[in-house]
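Hello,

Please find the structure below.

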Amino acid sequence: MADSIVSVVVERIAATLKEQMRNGVNLVSGVETEILKLSDDLNTLRHVLHDAEKKGYKDIIVKKWLTRLEETAYEMDDVLDEWNIAILEHSKYKVHSYIVSSYLYFMKVVVRREIASKIEQVKARFDMILEEKDRYGFAIASQPSDPSHSEVQSTSLIELDEVCGRDLERENLVRKLVGEELGLQVVSIVGVGGLGKTTLAKLAYNDSRVKNCFELRIWICVSNSFDEVGIASAIIEGARGRKAYPNQLELVLDRLKEVVSRKKFLIILDDVWTKDGTMWEPVKICLRIGGAGSKVLVTTRNERVASIMGGFENEIHRLGHLSHEECWLLLGRIALCGNDEKEREKFEKIGKEIANKCKGLPLAVKILGGLLRFKNTVEEWESVLNSEIWELEEAEVELFPYLLLSYNELSPALKRCFSYCGVFPKDTKIDVEKLITEWMALGYLGSKAGDWEVRGREYFDILATRCLFQNFDKGYSFQDFDKGYSCEHIKSFKMHDMLHDFARFLRKNVGSRIKRTTCRECGPVLVSQVRVYHSLFHRKHPLLDADPHFCDGFTSLRLLSLRDCRLRGIPKQVEKLIHLRSLDLGCNKFLDERDLKGICKLYNLRFLWLDGCRLKEIPSEMGDLIHMIHLDLSNNEFVELPDSLCDMLELESLNIYNCTSLVRLPQGMHRLVNLKHLCNFGTHCLEQYPQGLAELTRLVTLKQFHVKDGSKLGWLKKLNRLGGQVELRIAASIGDSKEAIAVVEDAREAALGKKTRIQDLVINFCGSRIDGEEVNESVWVDILDALEPHPNTQKLSMCFYDGSLLPRWIVSPLNQVISIRLSWCPSLLWLPPLGKLPLLENLEISKFFKLEFVGREFLGITTTTTTTTTTTTGSGFFPKLKKLMIWQCPKWKEWEDITVEEDEDFGDVPIMPCLRKLEILGCGGLPELPVRLLKKAASLKVMNIGGSMQLLQLYGDENGQPWKSISSHNPHLHLLKDATHYLPD
């Protein structure tokens, strides 16, 4: 577990020497050679740490050696902090006089001697530790490993004697595979490690019904390296029996098309880990030309992977756990192999009790079965059942067979991430994104910024799939949008009490050399915890009003949280915690902003939370925190941000959410080249953006962008990584045709069609107006046409649009849009054929004050009339629509019904087949509903006509004939007359 901090020290030594040279200072010229040699020695040492940590759980001497190594590495990290602070301080001051020059020279000598002395002392301790290393005979790894999962290749072969309790699930899976589908279907088996996903896939693959159903059956073990060329080549080889030699993707894909064209195939992709859908997409496109009923079966530990591979909800097979009885059957089959029935009966009672402890995991059953196979007496089996393995309070490591099996396969960094979770009290709901920032602050994700969020999420996913966490709550996060897709992530989790104890046990005796303190307020247990975890979460007692106290035993703190402690000010001792990487002061109401100047000397800070502190000013000194990665200033009252914040060149996330008084951003924002997240939702007074925003090409999150007072939509041109929700607030004032052309060109310059990661687009024309009579109102259509987003956009909202038409792109069948909200469109006279949108589930239309008629074309129906015939055709009819809401359209007088002929011609063609809720609110001019159309909506469960007076008069009596004409075809339809959420002006 020392590997993480040792790795950080190795990286920081090189970075610090580089920084010293860059700033033209020479603070520790006497020790460069020694410290570089130490860096090389430590880098070599890393190759034995994985084996050393394994041995440390059983050998107390090795454990103590690792503890001393870790503590010494932290001491060196502390010295490197002081070295970097000295470099920064030296570079800040300019020599203006002889007195200042003399003073700085004197201070430079003093600091240099102090740092050099500390380095020599720490290096001497390192030398002793390195000398002891050779006594223990550690195995050398070729490189520090990160075995997130096994590299063993799976095959389609299976030993049926080792399968138990999967008959029903095999039947369900086989039924899915042999079912006839028109296009390519991707079926996924999802489950934790050791649950039997590959086993179930093998059972289905070797089933006679499956063998007879497919012309081609191909098994591919994907494992961690998802290579599209390799996957395509493996399919070709499986089909032809010989290798595909080209290594160029285009050539391989051409051959793949030839192989699968019009052939009905089953391809098993076992153990898929990739979350990059772009790697799978080219192969999937080629496979679509296969014969009808072709299937791809994916096994994965991650449900997110299953979604990315293309499986819909009903195509994901979530593998269940074995029952207690099934666990015993499998355990007995393995442990008592070759024994007669009488012998089996002798072990049955005790065996069932042991099997119950396997928690339904086939792998755990097999591991215990293998252990019990070599125990031939009931007494030996009882010793396993009654072993201290189940008593974790005083347990020895060898008593955790399942946990250690998974734990020992983790890389040192992953071990560190897991064992750190013991810092939280039992049953704590742990926020995943906050946990990842803590891992980063503590150096578990490496010392460099960059892709640490993605790396941290991958680490968490690995730990979660190994059943080390539980009780997951799901939601969305920035990392999804950064990768170009939207998918639910685990947002929070809890740890099982047993696993929490295990994590605490792993840190037992770490940091045992407690630094003595004379402080009476901080007990040895608290100081010990700080030494072990380098973290402190202070929680204010509701009956105590005193501010927290920090003694000299806290100097090694890397992470400090004083959130919601009702602080009257920032404790002065915090200024001395120079090694802090993360400081959370959120939700404290500071009386004096000058308190913040003290923490502006904590130059090693990477993460700082000052949200909800009612701050009216941010000191310029905050710009000295040049290593800042994440700065949360949300829910404060300041009017502007100091330009010095643009000195934070490593800043990746700036949160100014709900800073309602903020009127401008710093002009030097173009210097924040690493900025990914600008969380500015709720900054309604922020209407002026610096032009340098256009240079922030790494920006992923930009919640709002105001086009006003010189800000241009064209500044978004290069920001093609934007994802999540983006609201464009366009306040254009158009006086003549020249200005109209300029506004349209500016909108086109934004190039929204290239921003593939935007999931939720809001276009708000509030404040836009035409001032000149010569300007044609069609300019609004031109502007909106120029703002055509990428088809990947899933949610579209538009308000205060004053055009009389909507552009054609809105109804393109290529759109992936799921939800559309159109409001305050006072000049729109009709609704376009939105029924053509293949994935639209929610549609809300409100405040169309000129809308009088909704025709059948709204559904996607087209009528063609010639001199002799009238032909009605259609495509669409809202195939996925679940909720339709139309409210406050006071002039709406007719919703055109389908004709009797169309009702007969369409026959069984579904119209709105998924519609469950229809709301017509505050539409007082609409006299009736389209009865024939609504009869087609067979899934309709709720109809709300609150505030629509004529409809209420006609259909309000549920026993009357008008209502029965609608409900007779749908006995589950429920009528509501609720207008509580309809608020007329």
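Which residues in helix 8 meet which residues in helix 10? Glu-228, Ile-231 and Ile-235 in helix 8 meet Met-279, Val-283 and Leu-287 in helix 10, where contact means heavy atoms within 4.5 Å. These residues divide into five nonpolar, no polar and one charged (Ala, Val, Leu, Ile, Met, Phe, Trp, Tyr, Cys and Pro count as nonpolar, Asp, Glu, Lys and Arg as charged, and the others, Gly among them, as polar).

This is a predicted model: local features need pLDDT of at least 70, side-chain atom pairs count only at pLDDT 80 or more, and totals for chains, interfaces and linings use all residues. Residues are numbered from 1 along each chain as its sequence is written, and side-chain values use heavy atoms, leaving out hydrogens and water.

The axes of helix 8 (residues 228–240) and helix 10 (residues 277–287) come within 9 Å and cross at roughly 30°. Helix 8 is therefore roughly parallel to helix 10 (angles under 35 degrees count as roughly parallel, over 145 as roughly antiparallel, 65 to 115 as roughly perpendicular and the rest as oblique).

Helix 12 (residues 324–335) and helix 13 (residues 341–356) pack at about 125°, with axes 9 Å apart. That angle makes helix 12 oblique to helix 13.

Strand 17 (residues 704–707) has both faces covered: Gln-704 and His-706 on one side, and Phe-705 and Val-707 on the other, are all buried (under 20% relative accessible area, with exposed over 50% and partly exposed in between, for a 1.4 Å probe and protein chains only). Strand 17 pairs with strand 18 (residues 724–730) in the parallel sense over four bridges (pairing needs at least two bridges found by DSSP). Leu-728 in strand 18 is the bridge partner of Phe-705.

Regards

Conventions: Axes fitted to C-alpha atoms, helices over the stretch in contact; angles between N-to-C directions. Helix = DSSP H or I, 4+ residues; strand = E, 2+ residues; numbered from the N terminus.
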